[in-house]
Amino acid sequence: MKCPKCGKENEEGAIFCENCDWKLNMKYGGEKMAVNSVYFSFAAVALGIAALVTAFLVKVPLAAVICGAIGMFLGGYTQSFVRITGMEGDIRTKLVVIAVVGLLMSVIGFVYGFANLSF
């Protein structure tokens, strides 16, 4: 089976490429996926900041819950998305860290906002 990322021919029935460790049944999106993961990482941080600001400074719990929920989804999705883009080295590590920071800020804003919601 030919690897969609690097093109190396692998044994039939192999799950991962022997050369680049790419999962052989996954399509490789290339550069477009890498660029999108940069945007998604920073969007996760922006939503995390919005969740914290609306929870602690503006004191609008519903906005904190909404921003936090979207930020948690985007942060969790992005840290996984960065891993499958095929990026390597420092940029990959930095983007995963940025996405996780956004995820954590979103969780804090969400929990604090949810705890202060009035029903």
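Modeller: Helices here are DSSP runs of H or I with at least four residues, and strands are E runs of at least two, numbered from the N terminus. This is a predicted model, where local features need pLDDT of at least 70 and side-chain atom pairs pLDDT 80 or more, while totals for chains, interfaces and linings use all residues. Residues count from 1 along each chain as its sequence is written, and side-chain values use heavy atoms, without hydrogens or water.

Let's look closely at α2. This helix covers 61–84, and its 24 residues reach 35 Å from first C-alpha to last, close to the 34 Å expected at 1.5 Å a residue (1.5 Å times one less than the number of residues). Its buried residues include A64, G68, L74 and V82; buried means under 20% relative accessible area, exposed over 50%, and partly exposed in between (1.4 Å probe, protein chains only).

F81 is also buried, because its relative accessibility is 10%. Its ring stacks on that of Y77, since the centres are 5.4 Å apart and the planes at 15 degrees (rings of Phe, Tyr and Trp, the last by its six-membered ring, pair with centres within 6.5 Å; planes under 30 degrees apart are stacked, over 60 edge-to-face, the rest tilted). Y77 and F81 sit four residues apart in α2, about one helical turn, but Y77 is partly exposed at 38%.

Ring pairs link F40, F73, Y77 and F81 into a cluster, and the structure holds six aromatic pairs. F40 and F81 make a tilted one, 5.8 Å centre to centre with 55 degrees between planes. F40 belongs to α1 and F81 to α2, so this pair ties together parts 41 residues apart in sequence.
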